[in-house]
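Take a look at the aromatic rings in this structure. The paragraphs below go through them pair by pair.

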Amino acid sequence: MITVMYAIYDEKSKVYNKPFAMINEAVAIRAVKDLTLDQNTEVGRHPMDFSLWELGTYDDETANFVPYETKKLICMAHEIDAFNMSIDEQNKEKIIEGVA
């Protein structure tokens, strides 16, 4: 299965945390949202310092990692609630239009 690789960037330490695989962007955002809601995590205590980045794809059948030429900023941790609402609005519009 092809999954997408993500990493969380820490603006204060200037490093990307260990990459992790998710099925898609929505699941990755949900995972970071969980971190922002947990005050026992660095992300939860300092959401303004963290951002979610998409790095490439990973095939778990072949162990091939294909990095993107340019990584993609998905969202800032402190913006996730607003970002989720915009995704929900887009999905609602598609459902209303009969696209989804």
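Is Tyr9 buried or exposed? Tyr9 is buried, because its relative accessibility is 14% and buried means under 20% relative accessible area, exposed over 50%, and partly exposed in between (1.4 Å probe, protein chains only).

This is a predicted model, in which local features need pLDDT of at least 70, side-chain atom pairs count only at pLDDT 80 or more, and totals for chains, interfaces and linings use all residues. Residues are numbered from 1 along each chain as its sequence is written, and side-chain values use heavy atoms, leaving out hydrogens and water.

Now the pairs. Rings of Phe, Tyr and Trp (its six-membered ring) pair if their centres lie within 6.5 Å; planes under 30 degrees apart are stacked, over 60 edge-to-face, and the rest tilted. That rule gives three aromatic pairs. Tyr9 and Tyr16 are a tilted pair, because their planes stand at 50 degrees, with the ring centres 4.5 Å apart.

Tyr16 is partly exposed, at 36% relative accessible area. Tyr16 also pairs edge-to-face with Trp53, at 6.2 Å centre to centre and 80 degrees between the planes. Tyr16 lies in strand β2 (residues 15–16) and Trp53 in strand β4 (residues 50–59), so this pair ties together parts 37 residues apart in sequence. Strands here are DSSP runs (E, at least two residues), numbered from the N terminus.

Trp53 is buried, at 18% relative accessibility. Tyr9, Tyr16 and Trp53 form one aromatic cluster.

Methods
Helices (H or I, at least four residues) and strands (E, at least two) are DSSP runs, numbered from the N terminus.
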